[in-house]
Amino acid sequence: MTNVTKKLSVVLLGGVAFLGGCAAGNHSADEEAPVILTVEVREGPADIDISNRQDVAIGNMQIKSQAKAPGTTLGPQDDVVLTEWVITPERIDGGTVASPVWRNVVSVTVPAGGTANLQNYRIFPAEYFDQQPLVQLYPQNGGFDRETGKRNIRQRLKIAIYGKTVAGRRVTLRFDWDLNFFYQNY
């Protein structure tokens, strides 16, 4: 390999590494909107008895929009329309098998500089009680988690809500919610 070929190879490899670094893990596109969203859960579930067979819902939550930079004047083009809710469960009790990811497509508008109040907003469908790992908690399936040996399963729901401003700029709101699932024998 000649000296020129070696230099060209290093430059090409360096360029490929640079481009790969720019693309992987770059979330700045989510931060392009002039607003940021925050969430306040005023009433939410903690302990979930799967024998009740009801969807898990947050009773009362408020999503607030505010200017990213203080003193910024917001207009109607900065209103946010949230459209896709992605809930990713992860185990927080030492187990490794978590419930499946759940996607919910629901439109919620948050006015620029204002709030949206949601009541009884579903964050986990009851049909997931019949899937691993929660199905193990039913008495006919042993009534305990085989990974931990416990009669309950604790999961953290990593909630990501995606949307855009009216002007088309992407916005993402993320928050976590911990749940303790169990089966109550009456």
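Q: What joins the side chains of Gln-62 and Arg-42?
A: A polar contact of 3.1 Å joins these two side chains. The term covers a pair of N or O atoms within 3.5 Å; within protein, one must be able to donate a hydrogen and the other to accept it, and residues adjacent in sequence count only if both atoms are side-chain atoms. The 3.1 Å value falls within that 3.5 Å limit.

A word on the model: it is predicted, so local features need pLDDT of at least 70 and side-chain atom pairs pLDDT 80 or more, while totals for chains, interfaces and linings use all residues. Numbering starts from 1 along each chain as its sequence is written, and side-chain values use heavy atoms, leaving out hydrogens and water.

Q: Why is Gln-62 called buried?
A: Its relative accessible area is 14%. Buried means under 20%, exposed over 50%, and partly exposed in between (1.4 Å probe, protein chains only). Gln-62 is therefore buried.

Q: Which residues does Gln-62 touch, beyond those up to four places away in sequence?
A: Among them are Thr-38, Val-39, Glu-40 and Asn-117. A contact here means heavy atoms within 4.5 Å. Gln-62 itself sits in strand E3; strands are DSSP runs of E with at least two residues, helices are runs of H or I with at least four, and both are numbered from the N terminus.

Q: How many helices and strands are in the chain?
A: One helix and eight strands. Along the sequence the pattern reads α-β-β-β-β-β-β-β-β.

Q: What makes up the largest nonpolar core?
A: The largest core has 38 residues, and Trp-85, Phe-129 and Phe-181 have the most contacts inside it. E8 gives the most, with six residues. A nonpolar core is a set of buried Ala, Val, Leu, Ile, Met, Phe, Trp, Tyr and Cys residues joined through side-chain atoms within 4.5 Å. Trp-85 touches residues including Met-61, Trp-102, Leu-118 and Ile-161, leaving aside those up to four places away in sequence. As background, nonpolar side chains tend to be buried together in soluble globular proteins.

Q: Why do E2 and E5 count as edges of the open sheet?
A: The five strands run in the order E2-E8-E7-E4-E5, with mixed pairing. Strand E2 (47–49) and E5 each have a single partner strand, so one side of each lacks a neighbour in the sheet.

Q: What makes E2 and E8 a pair?
A: They are joined over three bridges, in the parallel sense. Two strands pair if DSSP finds at least two bridges between them, so three bridges are enough. Ile-48 stands opposite Phe-181 in E8.

Q: Is Asn-120 buried or exposed?
A: Exposed: its relative accessible area is 60%, so it lies over the 50% limit. Asn-120 belongs to strand E6, and its phi is near 50 degrees, a positive value in a residue other than glycine.

Q: Why is Arg-53 called partly exposed?
A: Arg-53 has a relative accessibility of 39%. That value lies between the 20% and 50% limits, so "partly exposed" applies. Arg-53 is in the loop between E2 and E3, with a positive phi of about 55 degrees although it is not a glycine.

Q: Which form, cis or trans, does the peptide bond from Gln-132 to Pro-133 take?
A: That bond is cis, with omega near 0 degrees. Pro-133 is placed in the loop between E6 and E7. For context, most peptide bonds are trans, and most residues other than glycine have a negative phi.
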